[in-house]
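Biologist: I would like to learn how to read a fold from its model. Could you walk me through some features one by one?

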Amino acid sequence: MPARTKVTPPPPPLTEPVEDYLKAIYELETRNGAAGTSEVAQALRVAPASVTGMIRRLAVQGFLDHVPYRGVQLTPLGRRAALRTIRRHRILETYLTRVLGYAWDGVHDEAERLEHAASDDLIERMAAALGHPTADPHGAPIPTADGVVDERAHRTLADLAVGDTVCMVRVSDKDPALLRYLAEIALQPGAVITLVARAPFDGPLTLRMGSREAVVGPNLAAQVLIDAMPVSLASTTMAVRPAAPAAETGTRAASTTAGSTPRSRARKSSR
Ligand SMILES: [Zn+2]
């Protein structure tokens, strides 16, 4: 086969394993800058030996470049193909929750299957019926049909200082039990969250969401991605917030004193 044919866009229809590989490599690359063979094997639950063979074929077809000592990275062609599958996955998840009433912890496995089977026409009709959503039910950005996606890095709840109020944007869709628990304690994309207290030495965090409070461990907190509050909402929350500290228990007051936050909050409000 002449080597030049490999750069011809758009990508031909891909097999299900190829789509899964490119998607897994895209996710690893977004997190780590490159994807190593063993990481790909782990993500796809296959033997490292079969990963090596597939990676060689994908490189020959122009989807991947090798990065010395680090693994592989997607070429523009590979990235385009990966984002196409990711768009399909995320639109399917959004459709299943919003239109068909699935819970947010029950859509990932369905979307894993359907993303390979649904036609482009069906996916675009679903996107149109949904009003062209920009994020899926877990807050993951939906790439456009042209392959543009907002993959900005986000802080997590674990990065907050006591007194900070933020907006939840995203959580991984891969652990249904975690998603069910988050829904139980009202932690879902769009939730407005204030860090009320943080126990010292990497202890639990006390969160307030509206009138509800929840205590979560640092490991869970590190999985919840957050963003600064939109300015329009920030002023409302600021007005409501001062009522709460009076209700603090002795224990919680002690733990906030252990962190340096009451001082930093005072500094902030004096500006
Ligand atoms: Zn999913």
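Biologist: Let us start with strands: in which sense do strand β1 and strand β2 pair?

Modeller: Keep in mind that this is a predicted model. Strand β1 (residues 64-67) runs antiparallel to strand β2 (residues 71-74), and four bridges join the pair.

Biologist: Which residue in the hairpin of β1 and β2 takes a positive phi?

Modeller: That is tyrosine 69, with phi near 70 degrees; the hairpin has three residues between its strands.

Biologist: Where else do I find a positive phi in a residue other than glycine?

Modeller: Alanine 186 sits in the loop that links α7 (176-184) to β5 (192-198). Another case is phenylalanine 201, whose phi is about 55 degrees. Phenylalanine 201 belongs to the loop between β5 and β6 (205-209).

Biologist: Why does alanine 186 count as partly exposed?

Modeller: Count the C-beta neighbours. Alanine 186 has 16 of them inside 10 Å, and a residue is partly exposed when its count falls between the limits of 12 or fewer for exposed and 20 or more for buried.

Biologist: Is phenylalanine 201 buried or exposed?

Modeller: Phenylalanine 201 is exposed, because 5 other C-beta atoms lie within 10 Å.

Biologist: Now a helix, please. Which residues of α5 are buried?

Modeller: In α5, which spans residues 108-117, His108, Ala111 and Glu115 are buried. Look down the axis of α5: the buried residues fall within an arc of 50 degrees, so they line one face of the helix.

Biologist: What lies on the other side of α5, and what covers the buried residues?

Modeller: On the other side of α5 you will find Asp109, Arg113 and Ala117, which are exposed. The cover over the buried residues of α5 includes α4 (76-98).

Biologist: To finish, let us step back. How many helices and strands does the protein chain have?

Modeller: The protein chain has 11 helices and eight strands. It holds 271 residues, and 32% of them count as buried.

Biologist: And how can I read the contacts in the protein chain?

Modeller: Take the contacts between residues at least 6 apart in sequence: 62% of these join residues at least 24 apart.

Terms used:
Residues are numbered from 1 along each chain as its sequence is written. This is a predicted model: local features need pLDDT of at least 70, side-chain atom pairs count only at pLDDT 80 or more; totals for chains, interfaces and linings use all residues. Helices (H or I, at least four residues) and strands (E, at least two) are DSSP runs, numbered from the N terminus. Two residues are in contact if their C-beta atoms, placed from the backbone, lie within 7 Å. Two strands pair if DSSP finds at least two bridges between them. The arc is that of the directions from the helix axis to the C-beta atoms.
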